[in-house]
Each structure stands twice: as C-alpha cells, then as structure tokens.
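Please open the model in your viewer and keep the selection panel at hand. The tour goes from one selection to the next and says what is found at each stop.

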Amino acid sequence: MLEFTCHCLCRHFRDGRVPDFQRSRDAAQAIINGLPKITAHQRKAVNLCQFLARIAEGKSLGYHFESDQRISPLESALSIWIQLEKEESKLEKLHEDIRRLILIQAVAVYIEKGYYKEASEVLDRLDSEPNKTLRMKLTMIINRRDPYVPFLQNFSYNLLMDKIKSYIDDFLKKSATNFLIKAAVKEVEAKRLGGKASQDKPASVVKTNHGNILEMEQRSHIEAHTPLNPEMAPFPRIKKRGRTGACRNLQNDLQNLKNNAETSSHMLTGRKKQRWTLEEDKKLEKGVKEFGMGNWAKILIHYDFNNRTGVMLKDRWRTMIKQHKHFVFEVSWSKKLVDLSADMSPPN
C-alpha cells in the first residue's frame, strides 16, 4: 500500500494534479502513521513522500512541518533530501543540482518577499552545508537587498521543480511495479475481455513489462475518471457485478484507507481546526493596516496567531470583509426605511 501510494504521489506531482496529489499525500501520511516501525526497504518511500509534501508547500512561509516553526518547508525538505541521498548507491549530478537548488530557494523565498533578516537566519541554520562558496554568494545577495539579481533568476524555483520531476521520472522507471497496480491491470483486462481474461490467462497480465503495466494502469485511470475533478478518488473504479473475492477485499482496503486519510488529513501539519477568537481578529486587522493585504507571512511573523498559517489568515480576512459588507448593507437599508417612513408620515 505504501509503495502504491508513493507511486501515485510521484505521478500526481509530476503531472501537476494538485487535488489528486493532496489526496495521495494524506493517504501516504495515514499509512506511515499506521506502521509499527519503518523498515529499511520502506525508508526511501517514506522519505520521498515526505520530501514531495514539503516541496509542494515550498513557497508557503506560513506552512510548518517541524515543531520549530522557524523552519520553512524548504529547509525541512533539504534535511530529508540529504537522507534520500544516503539511500542512493551512487550519487549523480542530478542529486547535487537538487540539493544546491533547495538551499538557494530556501533563502530566495524570503528575499523575494523582502524578509532579509529571516533569509540570514536560514543561512545560519544551514551552517552545516559544505558549499562555502555558495553560502558566501547568498550572503552577498542578502546584504545587497536585491531580489532581482541574475543569480537567483538562473537558479529559480521553476528550475528546482523541473529537476525534481526528472528525478521522479527516473525513480518511476527504476522502481518495481507493486501488486496493487498488477491487480488493477488484471481487473481492467477482465472487464475488456468479458470476464474471461482473469480466469483463462492470468499470467499474461502479471508478466507484462513495467512500462506496459504503467501505460495500462494510466489508461484505465483515464477511462474511469474522465473528466477528472477534485471530488474523485485517485484509484480505478471496480464494478460490483462479477468481481472476485480478491477484488472485493481490495476495494474494502482502499475504502478503509480513504476513511483513514479523511480523519488524518491534519497529521502532516499537526493542526486541528479551531475557532477564531476576537483577539486574533484584532491582530489580523492591525497586521493588514501595518503591512497591507496579501503580506500574510509577514503578518504571521510579527503577531502571535496560535499556530495559524498564511492561508488561514487570508481566508479569515476574506470572511471578515464579507461580514463587514453585510453589516454596512443592513445599517444602510435600515436608515433608508426610517427616512422613507418619515417622508410618508402626515404633517402635524
């Protein structure tokens, strides 16, 4: 299940399917939390899932994965990437490029928003980074206070994403197909051949090479979910009629996984929903007056919001604006009614 979910997570990240990626991310976290212990052969899949979850939130400075809330998603991703590199038998140039780009962007995301002090603090926390020349270059950029230097444009966030997608492509080619994909392919073949293929020629599907299995699995995914929308689960649908006991058990397992993922969606961030207090609303209003609407990360840094994120601040501010407009409309309408009744009243 972990291998299958890891494959889904990688493909959705590579293809830019955000809703599907988020569902696979939550499902992977639910599986990881349910493991009694992480074995050596599971370590790479666990690290890769956690790494991609952090990279996906790389520019969200109000999003935290560590207990120390000063640690940005990209700093956390860098530490996991170093663990992933230890799992590799031979380090290639691609691994080096990704590590360098994560370090640069961990600093650049603060520089782009004008948070130069925070950018310096990131460099201080990454003191163990062996590339001293790169550290000196980033220090000079911070001191110049210029977010548009060619160096940062040459090592952009988009370049980092492209490099990671190249790594994912290589990972998907090298990793073995797991039993869930094989079972899904067998079910698709059974439906296409009128239910005979799974009984007459089971081996012909299982022995298909890795590339064909992935192609058939992707084709069945498209047929089952065309058009795709955020409400659909990232697993092939299985018809109730004529399915075997194994397929029935597989669907039950997937449904249990979905239920676990829904109840555990907060586990990546360790947060639970909590009501906004009047004090928090006042802090948010002060923050918007001081730093301007849209600077949620900066407001988050300067005010204590009890474990909130930048996205939460944005959504709350939108709600406050709607409530204010509704109140103004009611007051204005009441005043018009009073004026109208005064005009219609007979003279004394």
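Which residues do ring pairs link into a cluster? In this predicted model, select Phe51, Trp81 and Tyr167, which are joined into a cluster by ring pairs. A search of the whole structure finds five aromatic pairs, and one of them is formed by phenylalanine 13 and phenylalanine 21, whose ring centres are 5.8 Å apart with the planes at 55°, so that this pair is tilted. Phenylalanine 13 is buried at 7% relative accessibility, and phenylalanine 21 is buried at 6%.

Return now to tryptophan 81 and tyrosine 167, whose ring centres lie 5.0 Å apart with planes at 75°, so the pair counts as edge-to-face. This pair links distant parts of the chain, since tryptophan 81 belongs to helix H4 (residues 73-87) and tyrosine 167 to helix H9 (residues 157-174), 86 residues apart. Tryptophan 81 is buried with a relative accessible area of 0%, and tyrosine 167 is buried with 5%.

Next, select the largest nonpolar core, which has 56 residues, with Leu48, Phe51, Leu52, Ile55, Leu138 and Ile164 having the most contacts inside it. Helix H5 (residues 93-112) gives the most to this core, namely 11 residues. A second, separate core of 11 residues includes Phe291, Tyr303, Phe305 and Trp317.

Finally, select arginine 316 in helix H17 (residues 310-344), which counts as buried at 16% relative accessibility. Leaving aside neighbours within four places in sequence, arginine 316 is in contact with Trp276, Asp281 and Leu284. Over the face of tryptophan 276 lies arginine 308, at 4.2 Å from the ring centre.

Terms used: Residues numbered from 1 in each chain as written. Predicted model: local features only at pLDDT ≥ 70, side-chain atom pairs only at ≥ 80, totals over all residues. Heavy atoms only, no water. Core = buried A, V, L, I, M, F, W, Y, C linked by side-chain atoms within 4.5 Å. Buried < 20%, exposed > 50% of the residue type's maximum accessible area, 1.4 Å probe, protein only. Helix = DSSP H or I, 4+ residues; strand = E, 2+ residues; numbered from the N terminus. Contact = heavy atoms within 4.5 Å. Phe/Tyr/Trp six-rings, centres within 6.5 Å; stacked < 30°, edge-to-face > 60°. Lys NZ or Arg CZ within 6 Å of the ring centre and 35° of its normal.
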